[in-house]
Structure formats: structure tokens, C-alpha cells
Amino acid sequence: MALVARLWRFLHLGRGSVPGPRLLMGAPGSRGRCGLGRLPGFEVIGNPGTFKRGLLFSALSYLGFEIYQVVSQAAVVHATAKVEEILEQADYLYESGETEKLYQLLTSYKESEDAELLWRLARASRDIAQLSRTSEEEKKRLVYEALEYAKRALEKNESSFAAHKWYAICISDVGDYEGFKVKIANAYIIKEHFEKAIELNPKDATSIHLMGIWCYTFAEMPWYQRKIAKMLFATPPSSTYEEALSYFHRAEQVDPNFYSKNLLLLGKTYLKIQNKKLAAFWLLKARDYPAHTEEDKQIQTEAAQLLTSF
């Protein structure tokens with residue numbers, strides 16, 4: 001109705017704004033004194049019938065433009081609704097542990113420009129790569145594929161904490177194929193993106209947990225690797241087990257029992273600083289954690305083995 005009203009106003013204004021006399025530079029069929037004859041642009045106005053047809057054509061053009069705007073807006077709304085539907089399906093499959101079905105769903109939309117869809121696709125690609133039945137060749141392909149999806153997600157939306165998080169994770173995975181020097185150089189980038197993810201969403205326990213892993217990794221680095229790192233970089237990345245613990249505990253405070261690996265790493269980190277009582281407490285929680293994924297099962301096994309060792 002609003003579109004019709006605008007068209008009516010356009011026609012109404014058009015009728016009252018055009019003078020009746022024809023605008024000619026000379027008499028019909030002859031040249032005027034100035035010798036220009038009829039100007040092509042004015043001849044339409046000079047003929048009342050032609051003028052009406054011109055006015056109708058202009059009105060129809062206006063109507064067409066208005067319809068185009070309405071249809072375009074409707075298309076955007078429809079596309080947004082479709083993306084939301086896909087994301088809901090993806091999240092359901094992820095929570096259900098349907099890794100392969102999730103990957104199949106999201107790869108159908110790999111050309112998408114939506115950051116939320118792309119980082120989920122990066123995660124799904126990585127999850128397939130982590131399966132024990134995935135061959136080494138396929139794993140490598142999926143790891144690099146995941147990085148490309150995460151990179152595109154970040155390019156589409158730099159304010160997405162999840163895009164920063166999965167970009168950092170995927171860079172870390174690729175480092176396993178790039179050599180020690182690249183892996184150390186990437187460590188700075190990884191830390192930067194984890195910290196950015198935490199800044200954008202301080203309530204995301206996973207990002208905090210991953211910063212704990214970053215700290216644990218460099219606290220655990222063997223002396224010979226530290227020596228090589230110092231040769232390659234003036235100030236190589238470093239951390240402590242205490243710093244790692246602070247992140248793992250912070251993640252638990254944000255979302256208790258959110259991830260079996262966080263429980264396992266709390267136990268392992270306490271073992272590193274010779275606190276067996278607290279190590280046993282967290283390892284028991286990791287061992288008894290309900291297994292929803294293949295990773296959960298692996299963590300249960302590792303926790304049980306560590307508990308039997310002391």
C-alpha cells in the first residue's frame with residue numbers, strides 16, 4: 001500500500017507541474033528564426049499525447065525501481081533467515097557429536113560469505129582431521145583447508161571472537177607441517193588472536209582454555225628447543241606452568257566442566273609442579289567425564305593411565 005501511495009503522489013505531482021503549451025523553438029514543420037528547428041528533447045513535451053505516454057513511462061519506471069527495492073530487501077531477509085537455519089542445524093549436529101554429518105552439511109555452503117558459517121566450517125574440517133580413522137594425507141589436506149576457511153571468516157568479520165579463535169587454532173595445526181622455525185614464529189600470531197578472542201568475549205571458556213594450552217606448551221618446551229628458539233628469535237615466546245594454571249582455572253570459573261581436556265590439563269599441570277593431591281582431583285574428574293566425542297574417550301584413557309602412575 002505504501003508503494004501505491006508513493007506512485008499516486010508521483011503521478012499527481014507530474015500532472016500539475018507541466019505547462020500546457022508546447023515548447024518549440026519555431027513553428028511546426030519549419031525552422032525558427034534561430035535556425036535550430038525543434039529540439040529533440042522538447043518535442044516530447046510539445047505533443048500532449050506523447051507527453052502523457054512519457055509521463056506514464058516515467059511512472060512505470062519509478063514503480064519498477066520501487067518494486068526492485070522491495071524485492072531486494074526481501075531477498076536479503078530470506079538469505080539471512082536461511083543462514084540462521086543452517087547455523088541452527090550445524091550447532092545441533094555439533095552438540096550431538098555428528099562430526100561427519102556436520103562437515104557434509106557445511107561443505108555444501110563453502111562458498112558462503114558469512115563469517116559465522118565459515119568458522120564453523122573451519123572447526124568441522126579440523127574435527128574430521130582429528131579423527132583416528134583419517135589418513136595422514138587426508139588430515140594434512142583438511143588442516144590446510146580449515147585454515148583457509150578460518151582466514152576467510154576473519155576477513156569477513158574481524159569482530160568475531162570465534163573467527164579469531166579458530167584462525168589461531170588452525171595456524172597452530174598448520175605449524176606441525178611447516179617446521180620448527182615457522183611454528184615458533186606463528187606462536188606470536190596465535191597468542192595475539194587468542195587474546196583478541198578473549199577481549200571480544202571474556203565469557204568464552206574455550207578461548208581462555210586455549211591460552212592456557214599456549215602457556216603450558218611453552219612452559220613444557222625442552223631446553224634444546226629453547227636454545228634453538230633463542231638463536232632464531234631475540235625474544236622467543238615463553239611461559240610458566242603457574243600461568244597456564246591461571247587460565248585453566250579461569251576457564252572453569254567461566255563455564256564449569258565445559259571440556260574434558262581442560263580437566264585433564266589441570267591435572268597434568270599440577271603434576272608438573274609436584275602437587276599430586278590436586279592433580280588426582282582433576283584427573284579423576286577428567287576420567288569420569290561423560291564421553292560425547294572420540295576426543296573425550298581418549299582423554300578418559302589418558303587420565304586413567306596417569307592416575308595409575310601414582
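This is a predicted model: local features need pLDDT of at least 70, side-chain atom pairs count only at pLDDT 80 or more; totals for chains, interfaces and linings use all residues.
Biologist: What share of the residues is buried?

Modeller: Of the 310 residues in the protein, 36% are buried.

Biologist: Why is E158 called exposed?

Modeller: Exposed means over 50% relative accessible area. E158 has 59% relative accessibility, so E158 counts as exposed. You will find E158 in the loop between α6 (136-156) and α7 (161-178).

Biologist: Which residues does E158 touch, not counting those up to four places away in sequence?

Modeller: E158 touches H164 and L200, with heavy atoms within 4.5 Å.

Biologist: Why does N257 count as partly exposed?

Modeller: Partly exposed covers what lies between the buried cut-off, under 20%, and the exposed one, over 50%. N257 has 35% relative accessibility, so N257 is partly exposed. N257 sits in the loop between α11 (241-254) and α12 (260-272), and has a positive phi of about 60° although it is not a glycine.

Biologist: And Q274: why is that residue called exposed?

Modeller: Its relative accessibility is 63%, and the cut-off for exposed is over 50%, so Q274 counts as exposed. Q274 lies in the loop between α12 and α13 (276-287). Phi of Q274 is positive too, near 65°, in a residue other than glycine.

Technical notes: Residues are numbered from 1 along each chain as its sequence is written. Side-chain values use heavy atoms; hydrogens and water are left out. Buried means under 20% relative accessible area, exposed over 50%, partly exposed in between (1.4 Å probe, protein chains only). Helices (H or I, at least four residues) and strands (E, at least two) are DSSP runs, numbered from the N terminus.
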